[in-house]
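Subject: Handover of a structure and the findings from it

Dear colleague,

Please find below the structure that I am handing over to you. My findings follow it, and I would ask you to read them with the structure open beside you.

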Amino acid sequence: FAGNFGACKARIDMLEKCVDPDADLQQMLAKILTSEDEKLILDMSRLVQEMGDYYLNELLCRRLFELDSDNLEYISMLGLAVDEQGRYKEAEVLHHQCLEARKAALGVAHPDTLDSMNSLALAVEQQGRYKEAEVFHHQCLEARKAA
């Protein structure tokens, strides 16, 4: 957030909203992970992802997905959270699910669809399936060129 006072202030306000200085960490996490406040959970997810806590980010993404399983952004975020922990096969399934849903909802050339295609390609590549990943990367590149 270097130089972005507004973003820093928003994060501080968000943390103050959910952090009781007298509560212990376990109670705080339990409160957030059972919250119905999607914005709070989404903000916390972004914060812990930026901090590199991929396991907690996964838990928060799973909670978002529980709250709104039709939200394609939440599926994508969960796939990335799993991917960041090196669980590439599981990430591949989530990225594929998101890609197919985005193709149907947004079309093949939509930037979000192409992001999902790229995420899928990277998850496949991380598993050593380079030829298959190359096909996805090539499809993504050609669709971006055409857009």
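Is Arg62 buried or exposed, or does Arg62 count as partly exposed? Arg62 counts as partly exposed, because its relative accessibility is 29%, and the class of partly exposed residues lies between under 20% for buried and over 50% for exposed. Please bear in mind throughout that this is a predicted model.

**Overall picture**

The protein chain has 147 residues, of which 35% are buried. Its secondary structure consists of eight helices and zero strands, so the pattern along the sequence reads α-α-α-α-α-α-α-α. The accessible surface amounts to about 8,600 Å², and carbon and sulfur atoms account for 56% of this surface.

As for confidence, the mean pLDDT of the protein chain is 87, with 84% of the residues at 70 or more. Confidence is lowest in helix H1 (residues 5–18), where the mean is 65, and highest in H6, where the mean is 97. I would ask you to keep the value for H1 in mind when you look at that helix.

**Salt bridges**

The count of salt bridges comes to 14. One of them joins Arg62 to Glu90, with the closest N and O atoms 2.8 Å apart. This pair links distant parts of the chain, since Arg62 belongs to helix H4 (residues 54–67) and Glu90 to helix H6 (residues 88–106), 28 residues apart. Glu90 has a relative accessibility of 32% and therefore counts as partly exposed.

Glu90 also meets the side chain of Arg87 in a salt bridge, at 2.9 Å from N to O. Arg87, at 29% relative accessibility, is partly exposed. Which residues are linked in a network of salt bridges? They are Glu58, Arg62, Arg87 and Glu90.

A further salt bridge is formed by Lys103 and Glu100, whose closest N and O atoms are 3.7 Å apart. Both residues lie in helix H6, three residues apart, which is about one turn of the helix. Lys103 is partly exposed at 30% relative accessibility, and Glu100 is partly exposed at 36%.

**Nonpolar cores**

The largest nonpolar core has 19 residues, and those with the most contacts inside it are Met44, Leu60, Leu64 and Met77. Helix H3 (38–51), H4, H5 and H6 each supply at least two residues of this core. The largest share, six residues, comes from H3. Apart from this core lies another one of ten residues, among them Leu99, Leu114, Met117 and Ala143.

Which residues does Met77 touch, not counting residues up to four places away in sequence? Met77 touches Leu42, Ser45, Cys61 and Leu64. Cys61 is itself buried, because its relative accessibility is 1% and buried means under 20%.

**Cysteines**

Cys140, like any residue under the cut-off of 20%, counts as buried, with a relative accessibility of 4%. The count of disulfides in the model comes to zero.

**Two further residues**

Ser76 is found in helix H5 (residues 72–83). Ser76 is buried, with a relative accessible area of 9%. Leaving aside residues up to four places away in sequence, Ser76 touches His95, Cys98 and Arg102.

Leu67 has its place in helix H4. Is Leu67 buried or partly exposed? Leu67 is partly exposed, because its relative accessible area is 23% and buried residues must fall under 20%. Not counting residues up to four places away in sequence, Leu67 touches Ser35, Glu36, Glu38 and Ile41. For one of these, Glu36, the C-alpha atom is separated from that of Leu67 by 7.2 Å, although the two residues are 31 residues apart along the chain.

Yours sincerely,
A colleague

Methods: Residues numbered from 1 in each chain as written. Predicted model: local features only at pLDDT ≥ 70, side-chain atom pairs only at ≥ 80, totals over all residues. Heavy atoms only, no water. Salt bridge = Lys/Arg side-chain N within 4 Å of Asp/Glu carboxyl O. Helix = DSSP H or I, 4+ residues; strand = E, 2+ residues; numbered from the N terminus. Buried < 20%, exposed > 50% of the residue type's maximum accessible area, 1.4 Å probe, protein only. pLDDT = per-residue confidence, 0-100. Contact = heavy atoms within 4.5 Å. Areas by Shrake-Rupley, 256 points an atom, 1.4 Å probe, with all protein chains shown as cover. Disulfide = S-S within 2.5 Å. Core = buried A, V, L, I, M, F, W, Y, C linked by side-chain atoms within 4.5 Å.
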